[in-house]
Amino acid sequence: PGSECPSTQDLLNLLRQVEKVLAVHEASYQQGLRLKTGDFNGHVSVCSTASCPKPEPPAHGRRLGRVFGVGHEVHFMCRPGFDLIGPRTRVCLEALRWSGQQPMCRRESWSWTTVVLISPSPSPSSSSSPSPSSSSSPTSSSPSSSVRPSHCTHFLGSTRCTCDVGFTISGLDNNICTDIDECRLFPPGRLCVHQCVNTPGSFHCFCPAGYDLSREGRSCTDINECENRMHDCTAEQACVNTFGGFQCVTVACPHMSNATYIRTSPARCERNPCMLGDKACTQAPNSISFHFLSVVSNMSAPRVLFRVSAARVLGDTLRFGLAGGRGRGHFSVQRSGRRTGTLLLVTPIRGPATLEAEVEMSELERHNLLGRYLTKVTLFVSPYQF
């Protein structure tokens with residue numbers, strides 16, 4: 001009871017002493033590491049040290065630690081008058097990146113102020129002997145407000161005012177708590193993957209139509225309208241789920257002047273047999289397959305989208321290439337095996353967009369065409385990147 005709280009200067013001196021002790025321990029560890037390395041030089045031919053990139057100290061703060069190797073720690077502290085938001089310690093992981101997020105320093109949401117209390121004349125019923133008094137301000141009656149009174153406690157001529165989580169102290173006498181707009185404080189996408197809406201003392205994330213808010217309350221999960229029967233496709237159409245929606249597609253066999261086709265499966269058409277000597281008919285594709293893919297907007301490239309393979313080979317040569325489609329500049333076809341060709345996305349696509357690519361596989365025997373097989377790939381690009 002007779003002890004006094006340390007002053008701000010005493011706390012700063014204590015922190016400086018701790019920092020010096022850490023620096024001494026770190027220097028001792030480095031010296032020991034150099035000695036160990038010298039002892040093993042006769043036994044190890046090559047020694048490589050992996051390290052994480054140098055972490056930057058937060059604004060209005062400092063970083064403690066100068067060894068950035070795997071398994072090592074760095075510590076962060078803020079200047080007086082600032083609170084550390086984020087981890088105080090980060091570890092260099094084996095993936096050569098630091099654990100946790102980069103911390104930041106924010107002004108404290110409470111303060112100590114010294115006030116002069118003028119006591120009224122004692123009433124006849126009051127005690128004449130002086131005694132310390134303690135009082136606490138009432139809780140705000142409107143918690144949904146963005147500005148509310150602070151919680152102040154008076155004791156021995158000093159006043160300590162605090163704010164609820166999500167508010168910062170303000171006002172001439174530190175008697176006002178103002179809501180912190182987390183959506184502006186953090187860069188877009190840090191708190192919410194889509195839309196961040198500030199609320200008194202907190203924030204709330206929202207997702208666009210076609211998505212559900214995930215359990216952690218920050219990311220968005222696509223709703224599969226096709227599986228949940230939330231679509232309006234007809235019986236003749238197929239429902240294709242996309243990121244944030246769905247598409248109703250119709251697979252129809254082509255009408256050609258030199259050949260006729262019959263639908264042999266929901267997504268495949270086969271050419272009817274050609275008359276003997278009908279070269280125009282034999283030049284038409286033997287089969288046409290339809291495939292539908294859904295991707296997010298601005299997806300990184302190059303990226304494998306689809307593979308076409310031959311179940312059996314009659315000739316001596318297989319060729320793969322692009323036969324047509326909308327957006328050919330975004331696609332490329334490469335051979336990835338003796339019987340396999342790969343459709344690649346070579347440039348990112350910003351949605352919403354619908355692109356088509358026609359991959360042709362030709363089979364030859366001594367440069368004579370034996371058959372052509374066409375795969376039509378339709379790409380539905382979402383307007384969102386998730």
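User: Cys92: buried or exposed?
Analyst: Cys92 counts as buried, at 2% relative accessibility. Buried means under 20% relative accessible area, exposed over 50%, and partly exposed in between (1.4 Å probe, protein chains only). This is a predicted model, where local features need pLDDT of at least 70, side-chain atom pairs count only at pLDDT 80 or more, and totals for chains, interfaces and linings use all residues. Residues are numbered from 1 along each chain as its sequence is written, and side-chain values use heavy atoms, with hydrogens and water left out.

User: Which residue is joined to Cys92?
Analyst: Cys52, through a disulfide with an S to S distance of 2.0 Å. A disulfide here is a pair of cysteine sulfur atoms within 2.5 Å. The torsion about the S-S bond of Cys52 and Cys92 is about 90°, so this link is right-handed. Cys52 lies in the loop between helix H1 (8-40) and strand S1 (61-64), and Cys92 in the loop between strand S4 (89-91) and strand S5 (104-107), so the pair ties together parts 40 residues apart in sequence. Helices (H or I, at least four residues) and strands (E, at least two) are DSSP runs numbered from the N terminus. Cys52 is also buried, with a relative accessible area of 5%.

User: How many disulfides in the whole structure?
Analyst: A search finds 11. Among them is Cys233 to Cys248, with S to S at 1.9 Å. That link is left-handed, with -85° about the S-S bond. Cys233 sits in the loop between strand S16 (220-222) and strand S17 (238-242), and Cys248 in strand S18 (residues 245-249), 15 residues apart. Cys233 is buried at 14% relative accessibility, while Cys248 is partly exposed at 27%.

User: And Cys274, what is its handedness with Cys281?
Analyst: The torsion about their S-S bond is about -70°, so the disulfide is left-handed. Cys274 is partly exposed at 23%, and Cys281 is buried at 5%.

User: How does S19 run against S20?
Analyst: Antiparallel, with 4 bridges joining S19 to S20 (residues 268-271). Tyr261 stands opposite Arg271 in S20.

User: Now the largest nonpolar core. Which members touch the most others?
Analyst: Leu305, Phe331, Leu343 and Leu379, out of 21 residues. Such a core is a set of buried Ala, Val, Leu, Ile, Met, Phe, Trp, Tyr and Cys residues joined through side-chain atoms within 4.5 Å. S22 (303-309), S23, S24 (331-335), S25 (340-345), S26 (353-365) and S27 (368-381) each give two or more residues to this core. S26 gives the most, with 4 residues.

User: What is Leu343 in contact with?
Analyst: Leaving aside neighbours within four places in sequence, its contacts (heavy atoms within 4.5 Å) include Leu305, Phe331, Ala357, Val359 and Val377.

User: Overall, how many helices and strands?
Analyst: 3 helices and 27 strands. Buried residues make up 30% of the 386 in the protein.

Terms used: Pairing = 2+ DSSP bridges.
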